[in-house]
Amino acid sequence: MKIKLQLLSYWATGSGKGGSSLDSLVLKDKNNLPYIPGKTFKGLLRDAYKEARCDDNLEKKLEVEFFGQIKRKKEGDKYIETNEEDLNQGILRFNSLRINKNLAEEIKIFYPYLYTTKTRISLDDKKQAEEHSLRTDEVTIPVE
């Protein structure tokens, strides 16, 4: 099955890396194009499923069957994931979501313009900027 995803606003899948003046860079493939890893997309779908369900036992069982379950144990105040053998992955599998090859070829000259930056700051209860909360992140522009 193929999924077509249309992103209508600025978006980013973080790479976990920062740049010289950026706190976060967009995850890019070898052609410098943004993509969404399959595991990330599966997590987004799982969150949407959780938001939509009524919270009965059947729906919880379906969630585990579709999306899997990571077994956790409590240590002090926190729950931590147990070893990989305890992981139930679920029946849904996703490849990474990538820009269509034909579209990628057509927009090749625009690659440097696919990205921009967004700056944000966190405010406290008094609407004052919290110390050290200024962040500038690279994001991908929406393309129709």
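**Exercise 1.** Work out whether glutamine 128 is buried, partly exposed or exposed, and find what it touches.

*Solution.* Start with the number: glutamine 128 has 49% relative accessibility, so it counts as partly exposed. The cut-offs are under 20% relative accessible area for buried, over 50% for exposed and partly exposed in between, with a 1.4 Å probe and protein chains only. Helices (H or I, at least four residues) and strands (E, at least two) are DSSP runs, numbered from the N terminus. Last, look for partners: leaving out residues up to four places away in sequence, glutamine 128 touches Ser122 and Leu123, where contact means heavy atoms within 4.5 Å.

A word on the ground rules: this is a predicted model, where local features need pLDDT of at least 70, side-chain atom pairs count only at pLDDT 80 or more, and totals for chains, interfaces and linings use all residues. Residues are numbered from 1 along each chain as its sequence is written, and side-chain values use heavy atoms, with hydrogens and water left out.

**Exercise 2.** Find the two non-glycine residues below with positive phi, asparagine 32 and histidine 132, and say how accessible each one is.

*Solution.* Recall the background: most residues other than glycine have a negative phi. Asparagine 32 has a phi of about 70°. It belongs to the segment before helix H1 (38-52), and its 36% relative accessibility makes asparagine 32 partly exposed. Now histidine 132: its phi is near 60°, again positive. This histidine is in the loop between E5 and E6, and at 75% relative accessibility histidine 132 counts as exposed.

**Exercise 3.** Describe strand E6: how does it pair, and why is it largely enclosed?

*Solution.* E5 (residues 115-120) and E6 run antiparallel to each other over six bridges; two strands pair if DSSP finds at least two bridges between them. In that pairing, threonine 116 faces valine 139 of E6. Take threonine 140, which is in E6: at 2% relative accessibility, threonine 140 counts as buried. Its contacts, again without residues up to four places away in sequence, are Ser9, Tyr10, Trp11, Val26, Pro34, Leu114 and Tyr115.

**Exercise 4.** Characterise the largest pocket by volume and lining.

*Solution.* Definition first: on a 1 Å grid over the protein atoms alone, a pocket is an open set of points where a 1.4 Å probe fits, with protein on both sides within 12 Å along at least five of seven lines; lining residues have an atom within 4 Å of a point. The volume, the space filled by probe spheres set on the points, is about 1,200 Å³. Then count the lining: 36 residues, with Leu5, Leu97, Arg98, Ile99 and Asn100 nearest the centre. By type, the lining has 21 nonpolar, six polar and nine charged residues. (Ala, Val, Leu, Ile, Met, Phe, Trp, Tyr, Cys and Pro count as nonpolar, Asp, Glu, Lys and Arg as charged, and the others, Gly among them, as polar.) Helix H3 (residues 101-106) contributes the most, with four residues.

**Exercise 5.** Sum up the chain: what is its pattern, and what share is buried?

*Solution.* Tally three helices and six strands, then read them in order: α-α-β-β-β-β-α-β-β. Of the 144 residues, 24% are buried.
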